[in-house]
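User: I'd like to go through this structure with you. Can we start with the charged pairs and then move to the cores?
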Amino acid sequence: MFGEHEAPMDIWSLGCIVFHMLTGKRSMWPNNCNVHDRVLGDMIANYQDWGLILTDDLSSNAKDFLRRCLMRNIEERWTADKLLKHPFITQISKTLPLSEAAQTQKIKGFQKIDAFSSSFVVPFIQGRGKSVICEATIIEDVVKKVLKTTVPALVELNMLKNLTGSAVAGALGGFNAHAANIVSGSAVFIATGQDPAQNIESSHCITMMEIVNNGMDIHISVTMPCIEIGTVGGGIQLASQSACLNLLGVKGEYPGAKSRLLATIIAGSVWHQLSLKAGLV
């Protein structure tokens, strides 16, 4: 993280996956695990020399391929292009020849590592466009009378659905309850003339809930690190979209002030999650 979540991290992940495929082991940490798990754990910690860890379990090419993927120094870690030329890959290709189409897809798959890191994960970590955090405290009386539920029930649901559920599903930036429906679906982006193609990144959102004020009230926050919007040019020149921007008071230039206000409005509109989750309890 911290500016280093780029292609080398994906190469490291590739090495871990290949290791598991070759050994048939899932865990890769050294606590209470078998010899193969300790191998990778020791390698990550750099406790021992590579040659002393892996002996007869893997071929020499497999060992070297893994070493190239799992170099601790990211500057020394091999790129996807180099790995494609490694004997571990080329000799397998000769043993199990692929069709021309399959070879092309294999190369494209490796090349997409860089594209995926730069276009999806990095904006979520480093931010892109406008980064907004919207938060509020809802008193217990409102939760009971308006949302027809309880504070503990909402907090538990947020943990199970938005956090744990999204993690199990492999979500990246999607720890929320349908933020995209408001951002682009048929709502803010379309209504204000934004680019619907930016919906994926702009809908990155983490929703957090916690019990506050001695267990009486609920604090909720939405963090949206890359809302990609504008208030000048493009689709906002259409009559209906221009009218919506005027209605919100965000049309025009004013060196970024209007677009920052629009980003804040979008983050605020994502609060529909509170009502949605109250309905799920």
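User: Is Arg68 buried, partly exposed or exposed?
Analyst: Arg68 is partly exposed, with a relative accessible area of 22%. Keep in mind that this is a predicted model.

User: Which residue does Arg68 form a salt bridge with?
Analyst: Asp64. The closest N and O atoms of the two are 3.3 Å apart.

User: Why are Arg68 and Asp64 about one helical turn apart?
Analyst: Because they are four residues apart in helix α4. In general, an α-helix has 3.6 residues a turn, so residues three or four places apart point the same way.

User: What about Arg67?
Analyst: The side chain of Arg67 also meets Asp64 in a salt bridge, at 2.7 Å from N to O. Asp64 and Arg67 are three residues apart in α4, which spans residues 60-69. Arg67 is partly exposed, at 24% relative accessible area.

User: How many salt bridges does the structure hold?
Analyst: Four. One of them pairs Glu140 with Lys144, with the closest N and O atoms 3.4 Å apart.

User: Where do Glu140 and Lys144 lie?
Analyst: Both are in helix α8, four residues apart, about one turn of the helix. Glu140 is partly exposed at 22%. Lys144 is partly exposed too, at 45%.

User: Switching topic. Which residues make the nonpolar surface patch of about 250 Å²?
Analyst: Ile139, Val142 and Val146.

User: Where is Val146, then?
Analyst: In the loop between α8 (140-145) and α9 (151-168). Val146 is exposed, with a relative accessible area of 59%.

User: Now the inside. Which residues touch the most other members of the largest nonpolar core?
Analyst: Leu154, Ile218, Ile266 and Val270. That core has 32 residues.

User: Which elements give two or more residues to this core?
Analyst: On the helix side, they include α9, α10 (179-185), α11 (188-191), α14 (257-269) and α15. The strands β1, β3 and β4 are on the list as well. The largest share, five residues, comes from β4.

User: What does Val270 touch?
Analyst: Leaving out residues up to four places away in sequence, Val270 touches Ala179, Ile182, Val183, Cys205, Val222 and Met224. There is also a second, separate core of 15 residues, with Ile11, Val18, Phe19 and Leu83 among them.

User: Let's look at α15. Which of its residues are buried?
Analyst: Gln273, Leu274, Lys277 and Ala278, in a helix that runs over residues 272-280. They cover an arc of only 135° around the axis, so they sit on the same side of α15.

User: And what covers the buried residues of α15?
Analyst: The cover includes β1 (130-138), α9, β3 (205-212) and β4 (217-227).

User: Zooming out, how many helices and strands are there in the protein?
Analyst: 15 helices and four strands. Of the 281 residues, 39% are buried.

User: How much accessible surface does the protein have?
Analyst: About 15700 Å². Carbon and sulfur atoms account for 58% of that surface.

User: Last one. What share of the contacts between residues at least 6 apart in sequence join residues at least 24 apart?
Analyst: 64% of them.

Definitions and conventions. Residues are numbered from 1 along each chain as its sequence is written. This is a predicted model: local features need pLDDT of at least 70, side-chain atom pairs count only at pLDDT 80 or more; totals for chains, interfaces and linings use all residues. Side-chain values use heavy atoms; hydrogens and water are left out. Patches are made of residues with over 30% relative accessible area and no salt bridge: like charges are joined within 9 Å, nonpolar side chains (Val, Leu, Ile, Met, Phe, Trp, Tyr) within 5 Å. Accessible areas come from the Shrake-Rupley method with a 1.4 Å probe; for residues, only the protein chains shown count as cover. Buried means under 20% relative accessible area, exposed over 50%, partly exposed in between (1.4 Å probe, protein chains only). The arc is that of the directions from the helix axis to the C-beta atoms. Contact means heavy atoms within 4.5 Å. A nonpolar core is a set of buried Ala, Val, Leu, Ile, Met, Phe, Trp, Tyr and Cys residues joined through side-chain atoms within 4.5 Å.
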